[in-house]
Amino acid sequence: MTQPANTFSFSGYTFNTTKGWSTNADGTGVHYEVNKSQGTWTRTSDLHLYAQWTPNQYKVIYHSNLPSGTETTQEFQVTYNTAWSTKAEDLFAPPTGYTFNTTKGWNTNADGTGVHYEVNKSQG
């Protein structure tokens, strides 16, 4: 008997091919690797297997958005369905004569018309 590949999908998660399938939904049971022969079927009852999932990793990319047009970025990794916080205003040094607008904070568009995120604010 060979365990099939997973054809299910779960938004924000990836099927964990290392953990594969488990006899317990929380992954604490016996694990069965994907596409690996499990030998001859000798059970006398049904076997329930649960897909094991890993949350996806994403990047939050901060852009300096400097008036001079010089673009620098800093990236931070976040995990799906996990709380994260926006960074402080001092992530980039403002050019002479400018200050970071903490009221406006961070925005998904350079011109400020996108989604607004407050500075140092928990997002989850």
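Buried means under 20% relative accessible area, exposed means over 50%, and partly exposed is in between, with a 1.4 Å probe and protein chains only. I start my notebook with that term, and I first used it on W106, which counts as buried because its relative accessibility is 9%.

**Ground rules.** This is a predicted model, in which local features need pLDDT of at least 70 and side-chain atom pairs count only at pLDDT 80 or more, while totals for chains, interfaces and linings use all residues. Residues are numbered from 1 along each chain as its sequence is written, and side-chain values use heavy atoms, with hydrogens and water left out.

Entry: I searched the whole structure for aromatic pairs and noted 11. Rings of Phe, Tyr and Trp (its six-membered ring) pair if their centres lie within 6.5 Å; planes under 30 degrees apart are stacked, over 60 edge-to-face, and the rest tilted. F15 and W21 make a tilted pair, 5.3 Å centre to centre with 50° between the planes. I found both F15 and W21 buried. F92 and W106 have ring centres 6.4 Å apart and planes at 70°, so I wrote them down as edge-to-face. This pair links distant parts of the chain, 14 residues apart: F92 is in the loop between β7 (73-79) and β8 (106-107), and W106 is in strand β8. Strands are DSSP runs of E, at least two residues, numbered from the N terminus. F92 also counts as buried, because its relative accessibility is 13%.

**Entry: a ring cluster.** I followed the ring pairs and they link F8, F10, Y13, F15, W21, W53 and Y80 into a cluster.

**Entry: nonpolar cores.** A nonpolar core is a set of buried Ala, Val, Leu, Ile, Met, Phe, Trp, Tyr and Cys residues joined through side-chain atoms within 4.5 Å. Which residues make up the largest nonpolar core? I listed seven: V60, Y62, V78, L91, F92, W106 and V119. Apart from it lies another core of five residues, including F15, W21, Y32 and A51.

**Entry: N56.** Where is N56 found? I located N56 in the loop between β5 (53-55) and β6 (57-63). N56 is buried, with a relative accessible area of 16%. Leaving aside neighbours within four places in sequence, N56 is in contact (heavy atoms within 4.5 Å) with G12, Y13, T14, V78, T79 and Y80.

Notes. Helices (H or I, at least four residues) and strands (E, at least two) are DSSP runs, numbered from the N terminus.
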